[in-house]
Amino acid sequence: MDYVLSQMSEQVTAARANFRPVEIVGGGTKRFLGNPLSTQSQDKAIRLEMKALSGVIDYEPNELVITAWAGTPLQEIEATLAKENQMLAFDPPSFGLGSTIGGAVAAGLSGPLSFGYGPLRHYVLGTQLLDAQGRVLTFGGQVMKNVAGYDVSRLLAGSLGMFGAIVQLSLKVMPVPLRDQTVLFAVDESEALARCAGLRAKSWPVKAASWLPSAKESGGKGELAMRLCGAQSAVKEAREALGGDLLEPELAGQWWANFRDQKTHFFAGQPLWRMAVRSNTPVLSLGDTAFDMGGEVRWIRTDREAQELRTRASEAGGHATLFRWDGEQPVPPNGVFQPLGATTLAVVKRLKDEFDPKSIFNSGRLVAGL
Amino acid sequence: MNATNDLLDAGRVETDIDEILHALNTVLPAHCILARREQMRPYECDGLSLYRQMPLIVVLPETEEQVRGVLRACRRLNVPVVTRGAGTGLSGGAMPHAQGVLLGMSKFNRIKHVDPLAATAVVEPGVRNLAVSEAVAHLGLYYAPDPSSQIACTIGGNVSENSGGVHCLKYGLTIHNVLKVRVVTLDGEVMELGSESPDAAGPDLLSTFVGSEGMLGVVTEVTLRLLPKPTLAKVIMASFDDVETAGQAVAAVIAAGIIPAGLEMMDQRATEMVEPFVNAGYDTSAKAILLCESDGTEAEVAEEIARMTAVFEKVGATRTQVSTSEEERLRFWAGRKNAFPAAGRVSPDYYCMDGTIPRRRLSEVLQAIEEMETTYGLRCANVFHAGDGNLHPLILFDSNREAEVENAEAFGAAILELCVKVGGAITGEHGVGLEKINQMCVQFGRDELDVFLSVKRSFDPDGLLNPEKVIPTLARCAEYGKMHVHGGQLPFIDLPRF
């Protein structure tokens, strides 16, 4: 891989010298995410193809750590782990074949299981970064606990490439639970939220809780799915207490994959907003809604103004993102993500200037103007 | 270990104490300012008492507005600021700056809000770690990270150090249990990092801030994730007749798909040291013991304890004993949590190290530490967060003997360098502070250290927050490299030298 890396490094230094933007591309399945590059920079952009860096570098199941090149397909990682009865507990979505592990980490998206297991950033242990000077820098490592220096690895998770290209990473992995059952409840949004209320304060092994409106019936009907993962006895006790209809393992697998990877009817409509809110936020009534994370993430199809959605999200302790839109709609003038406060923005701007002074990497994609 | 003076920046302009006092008096009531030597004496060091330094002035603000005022004044007058919680840190991170203000956050001690349904708590940084769990116990909730110093250490300090504890294998470090922090920057501006929702807009500054050792901003409020308190917990004490088998047992538990609530190892020297002090009931005839905890519902614990016991017996434990009551469980843990004070009882001084290693290198590392005991002529007891590869060798020495002090420091440095060599890190949870600043040159290349300086500048462009800690300068690494010539070869050959 040294040869591939040095070629990439040359690409970056050449781009920098020629003032050309660099677009970092993994599997290309999440290119819709974030602020679009201006047409002008798109024409000039050099594409840094991460797929050339592929393969698992080190995997010791007993250490609960996997290290891989960033361009390794997500499927390959998941298959490698499954052989040892382990998994990526943050449940990364993949919006099409070819998603890479580097892309998953750079996008920072976690799936339904992160309700119980925690988000992606909790699982990033180490990274190697190809920076704007063409250097390969190493942060963190393969150990669970490491407080030497600042946690740059976790800063890179979810940064959408704004600080450079992640070329290698080490992730903490988890054992597959002994028991994994899914139960369904035919309830409307408000009832589904009520059933999720207080889940964080209870010791039920509910690792995911998501609600989808019905495709066929109108009038607010829908399906709440809860995924119970843990020891045999814990899952059994929770099943008895929570009720619901048990879903066959195969159907359960499909249900979660369809929801996580947005393959169901609901996600076909655009524009699609993602609102992250605090626990126990009531029904928002902003448009057609599905929810994940026990209600802490609301997927909303709506034509409402960005400003209104952002205000509502802020009031609920979170933020709103225009997640998918068709090419014809204008993107909000300050970008698809909720704008940062002035003090935070000043810090982020200085970070960008330090890491990437000519702003060549994925310019403006995460933070408009940077 | 008279490393203090050379760490201070000799180049800083001499500050006018009257001018600083005047500026502080305009933003703080008089009772919040301590400037007499006898008042300031308690602040001259943190838990690493080998490093001591009197500050210029100590301030103990009571409101966020006062913190903002202090920081603005310090910035205007170019005065360094060192923030301090309870001062229980073990790496000198809260050691004052001779020309600086020591900013004590002890008066920020209110739990502002608890949301029992969402299982979150909003607390001020001076609230003690254990006080959070005590305050929410009636709701069936608790705050999971439990560093050994939890009766005294504060949440603000935990955020600064990314503290762990004996239960972090299953429940994570501070970073995994903090949702949001409210931070005052050196220019007196306020920002919130993270959010009450699952994520926040923009790059993840919260993760960078947690564990930043007071160098990026001053925390005035923290939103914590609370967890439901398991109905039951039991611990297995397993004995092994050599350390290697104990190490294999740890790997076997993980391989069986179990993530224990706690998984600790103590070697024989540690159990022999602790037992007379705590009467924990440890098997002192064993070369190593493991403490392995299971928590959850009654059925869950019974199921897991049975699986764990089977694993230990299969690997070759000479004895296993399951706690039969909550009292006994706490006694087993009391021994582990009191390992440091117990070391203080059998030796005039001890030096606690904090390296992490991949677990598979355990026996090799412990073997090497045993050989170092001969090399440096000092004894070393090992306690070990086995589940997550975090070693705490306790080097026993006598500070009245100059040679022993030097040897202890060299012994410690050698252990940390060994940790880096086998793929680990120089600190798992105690932080770099002043203590391990030299080993940062071993852990990281110059390019990475420069990136840390970039991060520092981005949050604190004036470089006044806890300066001269954590990130070594180029000159320091070059100097340290010269002192450590391995096999006739200079490390960091690519470094420019002065």
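Let me start with a helix pair. Helix α11 of chain A, residues 342-355, packs on helix α18 of chain B, residues 446-459. The angle is about 150°, and the axes are 8 Å apart. This is a predicted model, so read every value as computed from that prediction.

What does that angle make the pair? The cut-off for roughly antiparallel is over 145 degrees. α11(A) and α18(B) are therefore roughly antiparallel to each other. Their crossing is right-handed.

Now the residues. From α11(A) we have A:V347, A:R350, A:L351, A:E354 and A:F355. They meet B:S454, B:V455, B:R457, B:S458 and B:F459 in α18(B). By class, that contact holds five nonpolar, two polar and three charged residues. As background, an α-helix has 3.6 residues a turn, so residues three or four places apart point the same way.

Step back to the whole contact between the chains. Chain B puts in 73 residues, chain A 71. On the chain B side, several elements supply at least two residues each. Those are β9 (190-194), α9 (205-209), α10 (243-255), α12 (298-315), α17 (440-443) and α18. Which one gives the most? That is α18(B), with nine residues. The chain B side divides into 32 nonpolar, 26 polar and 15 charged residues.

Next, α10(B), another element on that list. It has 13 residues. From first C-alpha to last, α10(B) reaches 19 Å, close to the 18 Å expected at 1.5 Å a residue. Which of its residues are buried? They are B:V243, B:A246, B:G247, B:Q248, B:A249, B:V250, B:V253 and B:I254. And what do they pack against? Three strands of chain B: β12 (232-240), β13 (262-267) and β14 (288-296). Two helices of chain B as well: α12 and α15 (362-376). After α10(B) comes B:G257, with a positive phi near 80°.

Staying in chain B, look at B:L179. This residue is in strand β8, residues 178-184. Buried or exposed? B:L179 has 22 C-beta neighbours inside 10 Å, so it counts as buried. Now set aside neighbours within four places in sequence. B:L179 is then in contact with B:T120, B:G194, B:S195, B:E196, B:T223 and B:R225. One distance to note: its C-alpha is 8.5 Å from that of B:L193, 14 residues apart along the chain.

Last topic, backbone geometry. Start in chain A. A cis peptide bond joins A:Q270 and A:P271, with omega about 0°. A:P271 is in the loop between α9 (249-260) and β14 (272-276) of chain A.

Then two asparagines with positive phi. In chain A, A:N280 has phi near 65°. A:N280 is in the loop between β14 and β15 (288-292) of chain A. It counts as buried because 20 C-beta neighbours lie inside 10 Å.

In chain B, B:N162 has phi near 55°, again positive in a residue other than glycine. Its loop runs between α6 (155-161) and α7 (168-171) of chain B. B:N162 has 26 C-beta neighbours inside 10 Å, so it counts as buried too.

That's my tour. To recap the opening: α11(A) and α18(B), roughly antiparallel, with a right-handed crossing. Happy to go back to any of these on the structure.

Methods
Residues are numbered from 1 along each chain as its sequence is written. Chains are lettered from A and ligands numbered from 1 in the order in which they are written. This is a predicted model: local features need pLDDT of at least 70, side-chain atom pairs count only at pLDDT 80 or more; totals for chains, interfaces and linings use all residues. Axes are lines fitted to C-alpha atoms, for helices over the stretch in contact, and angles run from 0 to 180 degrees between N-to-C directions. Helices (H or I, at least four residues) and strands (E, at least two) are DSSP runs, numbered from the N terminus. Angles under 35 degrees count as roughly parallel, over 145 as roughly antiparallel, 65 to 115 as roughly perpendicular and the rest as oblique. A crossing is left-handed if the near helix is turned anticlockwise from the far one by less than a right angle, and right-handed if clockwise. Two residues are in contact if their C-beta atoms, placed from the backbone, lie within 7 Å. Ala, Val, Leu, Ile, Met, Phe, Trp, Tyr, Cys and Pro count as nonpolar, Asp, Glu, Lys and Arg as charged, and the others, Gly among them, as polar. The expected span of a helix is 1.5 Å times one less than its number of residues. A residue is buried if 20 or more other C-beta atoms lie within 10 Å of its own, exposed if 12 or fewer, and partly exposed in between; C-beta atoms are placed from the backbone.
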